[in-house]
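Subject: Structure for you to look at

Hi there,

Here is the structure I promised to pass on. My notes on one of its helices follow below.

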Amino acid sequence: MSFESLNLDPAILQALTASGYTEPTPVQARAIPEAIAGHDLMVSAPTGTGKTAVFVLPALQRLAQPSAKPGRGPRMLVLTPTRELALQVTTAVEKYSKFMPRVRTGTVLGGMPYPKQRRLLESPLDILVATPGRLIDFIDQGKVDFSRLELLVLDEADRMLDMGFIKPVERIAGATPAARQTMLFSATLDGGIATLAKRLLKQPKLIEVEATQANHDNIEQRLHYVDDGSHKHRLLDHLLRDVEIDQAIVFTATKRGADRLAGKLSDNGHAAAALHGNMNQSQRNRTLAKVRSGDVRVLVATDVAARGIDVLSITHVINYDLPKVAEDYVHRIGRTGRAGASGIAISFAAPDEAHQLKQIERYTGQQIDRHVVAGMEPKPQSRHGAPGGERKRYGEQGKPRSSNNGNTRWGGGKSYGGNGGRQSRDFGDRSRGRG
Ligand code: ADP
Ligand code: MG
């Protein structure tokens, strides 16, 4: 994936090159096309993963075309919880719009004198970056013209919520045209954020990017090639008899698959239950309570249902079906190895999942170790062209991880997130306490 393939204006591409960016970060690659398509977005990704560009680049893309409406008011408004962040965002906007001389950016912040900011609001503007409190003051004085506003961004919305800015944010949003596009960025997308989003966003696209591989050093990953569904089932049954497994989450591709598999496992004597999106909240809570109490040892789940499950006793994640989206693999295996414990992630790959496997290994930049269980070997043709049947490592394809130390896949020699000198290429943010 390149910035060129995002169809950005040449002036934007020029600025990215000048910034030393060689390719979009994962959250940029996923969110920028949706933003350019005009969708509302709810985005969560660890600190330092390049979220600013997720809203600034599509905004600049819009600004490359003249406004359909007359007037001088801002076409984009970014709300941030703090002055520091507002200034950082302004600097980023200036950097990315360096070769678009007609883009006018202004900042309205608390704790600074009013007159200069008042003059700013009276002059023509394209992008306004503001903290909510001060902006409300100006709105109350009738100083802000939102008639041209096309795009509203709430950056670090969770912090705005924590800081008690929810009412001001809602009031400001209410002062902007209803037809606007809205993007919300937050470390979490649940609770108060979900409520806020419901009020301010229209059918938002949900984009969640979790810290990738580097945060999963404590998780041993294994891959078993399988011939078909019945081979998967025999292998799973065998693996689940391992006493080392305290509790496991088994992922299936579909809700029906989860129900069926949980039923079959129960029939075979496993303490299993399903968790999926067709269950109502109280059913889900009941199942999760049983997992927490230990009454359920094997939870069979779909991706959506497993989001945010935080059960510390889960020792094994088993990908009965490989996820369709490579990032979900990282979400899934992150359900084990919580709080510094070690975990094991076992994936099954049938011949029709060869493509997904390739995507996952490309995404994590790592070849998963191949394993076989004696007596349950796959047929040679199920091994996706891998020669030989023994645990084979493909070291020459998987990038040696040490070679990436202290640098990033995205060039520019930047270090992302607070990894404390550990592998920073994966945009991990340990301070978030996940994974
Ligand atoms: P976030 O808002 O997710 O915490 P920022 O937008 O502040 O992250 O970006 C963090 C750092 O990463 C900044 O220094 C920014 O210049 C840099 N950055 C952003 N996108 C890229 C990219 N595609 N390639 C290289 N560096 C990038
Ligand atoms: Mg940010």
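A helix crossing is called left-handed if the near helix is turned anticlockwise from the far one by less than a right angle, and right-handed if clockwise. With that in mind, H6 passes H8 in a left-handed crossing. Please remember that this is a predicted model.

The axes of these two helices, H6 and H8, come within 9 Å and cross at roughly 45°.

Now to H6 itself, which covers residues 132–140. Buried there are Pro 132, Arg 134, Leu 135, Ile 136, Phe 138 and Ile 139. These buried residues pack against helices H5 (114–122), H7 (157–162) and H8 (166–174), and also against strands E2 (76–79), E3 (105–108) and E4 (127–130). After H6 comes Gly 142, which has a positive phi, near 70°.

A word on confidence: the chain has an average pLDDT of 84, and 85% of the residues score at least 70. Over residues 387–435, however, the pLDDT is below 50, although this stretch has 100 contacts in the model beyond near neighbours in sequence. Where pLDDT is low, the predicted coordinates should not be read in detail.

Best wishes

How values were computed. Residues are numbered from 1 along each chain as its sequence is written. Chains are lettered from A and ligands numbered from 1 in the order in which they are written. This is a predicted model: local features need pLDDT of at least 70, side-chain atom pairs count only at pLDDT 80 or more; totals for chains, interfaces and linings use all residues. Side-chain values use heavy atoms; hydrogens and water are left out. Buried means under 20% relative accessible area, exposed over 50%, partly exposed in between (1.4 Å probe, protein chains only). Helices (H or I, at least four residues) and strands (E, at least two) are DSSP runs, numbered from the N terminus. Contact means heavy atoms within 4.5 Å. Axes are lines fitted to C-alpha atoms, for helices over the stretch in contact, and angles run from 0 to 180 degrees between N-to-C directions. pLDDT is the predictor's confidence in each residue, from 0 to 100.
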